[in-house]
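Good morning. Please have a look at the structure first.

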Amino acid sequence: MAETIAFITGANKGIGREISRQLATKGVLVLMGARDTERGVKAVEELRAQNLPAEFVQIDVTSQPSVDKAAEEIGRLYGRLDILVNNAGIALDWFPVSELTVDVFRKTFETNVFGAFRVTSALVPLLKKSKHGRIVNISSGLGSLTLKTDPNSPLAVRDMLFAYSASKAALNMMTVHFGNELKSFGIKVNSANPGFTATDMNQNRGVRTVEQGAATPVRLALLPDDGPTAGVFSDDGPQPW
Ligand code: NAP
């Protein structure tokens, strides 16, 4: 069995796929989670074609039965989990808050917050069986109240993506709570801000490559035992809340 086993949600494309690739090149067995079997299997096969260790796990983070099934499968096949990357995410509200409906607000939280919470809750028992458990929540600079209210920050002037930004702020609070609670089990829980990365989420308008976007998440996934927990980080180091 591989020395380290990681599960990445939303791994069929974008930053999640690249996090999987980078972890696999370091010898980590990556369990690539995707809601669509065809797309997920294709991503797994791409890594395997490069002799990288990857397996497919079907998971829709908005469905409790799907999450339970994925957790059961990982437990049955591997008996533990070393790294969980909550990467699956959506950004729907590319317009001002005054145009946001409760429906879109709720949908955003269903994936970005309740989805990540659902997956984490289901997998904590397996992470507790690891000697070096790590959870990485893929957040965003938009989830930082400090940056959003700093007149010198380019993020402050963005008059869109309220639901998305609020979901990442909530995800950051989840990082703090799980981080504090799981400290005594040696499990480190951190948020990663990949930066504005060119993916389907932003019609490839991001200025960073997926290789760059995946770097901080991968670093946090492989933190040494004396590394930080319950923090939020970008390439530049700790990011303000
Ligand atoms: P992306 O290319 O759109 O990828 C999003 C991934 O999430 C896809 O694999 C998608 O699957 C999956 N997903 C969405 N809903 C899901 C669900 N209910 N269950 C399972 N998987 C689901 O976007 P990305 O930029 O790589 O985003 C990855 C993460 O980085 C997100 O959490 C995002 O908020 C965060 N982030 C991105 C940026 C950026 O600039 N790109 C910046 C900061 C943070 P399908 O293919 O099936 O839709």
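Predicted model: local features only at pLDDT ≥ 70, side-chain atom pairs only at ≥ 80, totals over all residues.

Residues are numbered from 1 along each chain as its sequence is written, and side-chain values use heavy atoms, with hydrogens and water left out.

How do we find empty space? Rolling a probe the size of a water molecule over the atoms shows where empty space is left. A pocket here is an open set of points on a 1 Å grid over the protein atoms alone, where a 1.4 Å probe fits, with protein on both sides within 12 Å along at least five of seven lines; lining residues have an atom within 4 Å of a point.

The largest pocket holds about 1,300 Å³ of space, the volume being what is filled by probe spheres set on the points. It is lined by 49 residues, and those closest to its centre are Ile-15, Ser-139, Tyr-164, Pro-194 and Met-201. Two elements give two or more residues to this lining: helix H1 (14–25) and helix H6 (162–182). Helices are DSSP runs of H or I with at least four residues, numbered from the N terminus. By class, the lining has 20 nonpolar, 19 polar and 10 charged residues; Gly counts as polar here, and Tyr, Cys and Pro are among the nonpolar ones.

Where does the ligand sit? It sits in the largest pocket, meaning that more than half of its atoms lie within 2 Å of the pocket's grid points. The ligand is surrounded by 29 residues, the closest being Asn-12, Arg-35, Asn-87, Tyr-164 and Thr-199; a residue is near if one of its heavy atoms lies within 4 Å.

Now the polar contacts, which are pairs of N or O atoms within 3.5 Å. The side chain of Asp-60 has an N or O atom 2.9 Å from a nitrogen atom of the ligand. Asn-202 has a polar side-chain atom 3.2 Å from a ligand oxygen atom.

Lastly, the second largest pocket has about 230 Å³ of space. Of its 15 lining residues, Glu-3, Thr-4, Asp-82, Ile-83 and His-132 are the closest to its centre. Its lining divides into 5 nonpolar, 4 polar and 6 charged residues.

Note on methods:
Polar contact = N/O pair within 3.5 Å; in protein donor to acceptor, adjacent residues only side chain to side chain.
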